[in-house]
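Trainee: Could you take me through one part of this structure closely? I would like to look at the metal site.

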Amino acid sequence: MGKNRFIKITVVIVLIASIAFLFTFCLHKDKKIPKLVVGIVVDQMAYDFIPRYWDKYSENGFKRLIKYGFFCKNTKLVHFPSYTAPGHSSIYTGSVPSVNGIVGNDWFDKKKEKVVYCTDDDTCHTIGSFSNEGNMSPSSLLSPTITDQLALTNNYKSKIIGIALKDRGAIFPAGHIGSSAYWYDETSKKWISSSYYMNKLPYWVEEFNNKNLPDKYLSRPWYTFLPIESYSESTNDDNEFEEVYKGEERPVFPHNLPELKYKDMHLFRTTPFGNSITKDFAVDAIKNENLGKNEFTDFLCISFSSTDYVGHKFGPNSIETEDTYLRVDLDIAEILEYLDNNIGLQNYLVFLTADHGVCSNPEYLKRNGYSAGTFFTKVILDSVNTYLERTYNKNNLALYFFNQQIYLNDELIKENGLNSNDIAKNTAFYIKNGIEGIENVWTSEDLKNGISNEYYFRYFKNGYYEERCGDVFVNFKQYWIEDKIKGAEHGGPYSYDIHIPLIWYGCGINKGESSEPVEMIDIAPTLSKLLNIPYPKDCLGKPIKEIINK
Ligand SMILES: [Zn+2]
C-alpha cells in the first residue's frame, strides 16, 4: 500500500470515529432527565389484577399507563418472604434481604435478643402526634436506596419524599438521606413523621391534618362503585371465606362505615378510602413542596397500603377487593392528571409496581378442588418442641416460629452442651416428614453453604441474613398459608405471591410491552440509567434493556 493511500485511509477512519463519538455524545447530552420521578407501589397487587379487572378500569389510570407506557409483564420478586418491608426494600435498593437485612416486617434480632419491628428506632420520636407511631427510621435497612443515590449524586439538591399509610411503605423507599417520609397514625388520625427527618411538620401537613379527611371519608356507607351485579370477576358478596368488620354480621355491601367507625379503630385503612387519602396527601405534597419545579430531579415515593389491608380481610376473590382496585385506579388517574397539568408529561416519569402478590383463601381453594390449608404457627412450634424434648430430653429448645423460620434457643443449647447444627438438622427432618403441607425445609447451614438443586432454594438463600434469621426455614406447599382461616395471606415464593405488575410511563419511556423475565431488583438500576446516576451500592439487578435501549 502506498504511503499516501495509507494516510488517506487513516484520515477517513479518524473522521468516521470522531463523527460517531460526537453523535453519541450529543445523543447522550440530549437524553432527557425527568424533573420528577413518581414511584407508585400498590401493596399486594398481584399481576393478575391487571387482566382480571381490565374491562372495568377507567381509561385514565392503569389503562393509560399500560397503553401509552411500557409494560414489563413478567416481573417477579427473587426473595423470600414476600412481605411489605422486604418488597419495598428490594424495589428501592435493587438488592435482596440477604444483603439489605430486611428479612421480614418483624424478626428476632439475635444481637438485641428481642423481636424487633423493621422500622422501630428508640432514638427517634414522633413528629405530629403524641403517639409512639413515629419512633421510627430506616436504620435497619443496611443498603442505600436509589433515592439515596440520587441525593448523593445531586449533592442533596433533590427533594425526596416517601408517603404511605404504612410507616414501612414510606420509610424504606425514601431512603436514609431522604428529605422526608410521612405515614398515617391511626390513634390521632393524622399524617405524622419522625425526628429522624424533621423537628416539626411543615405547615401544609398541619393544614392537611386539620381538614379531618378520615372522618369525611367515613361519613358515607361504602357502596360498590359500579352496580354490584356487574362484579362478575368476584365471588358472591355473601360468603364464608371473608372476614367481617367489627360490628358487622355479614361481609356484605353496603358497609355502614359511619356506624362501624365507632367499633373498629383500624376501619379506615381497611377501606379503599385509605388509598384516596394517600392520593390527596401525595398531590398536596407535590403542590406544596414544589416537586418537579427545580433544576434537580425530585423523587416522590407513594405506596397504596389499603389494597393490602382490604385484601387480607376479604381476599383476592371478593367484591371488596375488586371495588378497591377500581377505586385506586381512579386515585392513580387523579395523580396523573395533576402531574399533566402542573409538571407536564414530558417532565415526569412514573413507575408502578407492587411489593408482593397474594394467595387466595385456602378454604375457598379447597372448595374448588385444590389441595390447600392453614398452618397455625403455635401448633408447629409446640409440635417441634414436643419432638425435640423426646429426642434431647429438654423442654423449649425452639423459641419462636417467625417468618416461616424456627429460631432455636441458643442459650439453652449452650448451657446443656448440645450441638445446634445437629438440633437444626433433626428439626428440619421432623418438619419435612412429620407435618402435612410442607414443600421444603432447609437449615441455616444449608442456606449459608448455598448448595441445593431444589427450585425454591434461591428465594430462601436471598432471604437469609444471619443475625436476623432463624435456624430452620420452612417452605409451605403452594396454597398453604399461616394463621388465617378467613381472608387472605402472602409470603411464599409461588407465582401468585411473586408475580407483580411493572409499568413505566412518561419522560424517556417508549410505548410497548414485553414478556421477557424481569426481576424486582432490576427496577433500581433501570432508574439509575434513566436518571444517569450510579447504581445504588448493593444493587444486584441489571437495567431492563427494553427500557434503556430506545
Ligand atoms: Zn400484607
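Mentor: Start with the zinc ion. Its protein donors are Asp308 (OD), Asp308 (OD), His312 (NE2) and His490 (NE2).

Now look at the angles. The four donor atoms subtend 54 to 154° around the zinc ion, so the arrangement is irregular. A tetrahedral label would need all angles between 85 and 135 degrees. For four tetrahedral donors, the ideal angle is 109.5 degrees.

Next, follow the chain. The donors of the zinc ion are spaced as D-x3-H-x177-H.

His312 has 17%, so His312 is buried. His490 has 7%, so His490 counts as buried too.

How far can you trust the model? The protein chain averages a pLDDT of 94, and 94% of the residues score at least 70. Residues 19–29 have a pLDDT below 50. That stretch has one contact in the model beyond near neighbours in sequence. Where pLDDT is low, the predicted coordinates should not be read in detail.

Last, the wider setting. The largest nonpolar core has 136 residues. Tyr182, Trp191, Phe299 and Trp504 touch the most other members. Helix H13 (residues 319–342) gives this core its largest share, nine residues. A second, separate core has 26 residues, including Ile380 and Leu397.

Notes: Residues numbered from 1 in each chain as written. Predicted model: local features only at pLDDT ≥ 70, side-chain atom pairs only at ≥ 80, totals over all residues. Heavy atoms only, no water. Core = buried A, V, L, I, M, F, W, Y, C linked by side-chain atoms within 4.5 Å. Buried < 20%, exposed > 50% of the residue type's maximum accessible area, 1.4 Å probe, protein only. Helix = DSSP H or I, 4+ residues; strand = E, 2+ residues; numbered from the N terminus. Donors = N, O, S within 2.8 Å, 3.2 Å for Na, K, Ca; no water. Tetrahedral: all angles 85-135°; square planar, octahedral: opposite > 155°, others 65-115°. pLDDT = per-residue confidence, 0-100. Contact = heavy atoms within 4.5 Å.
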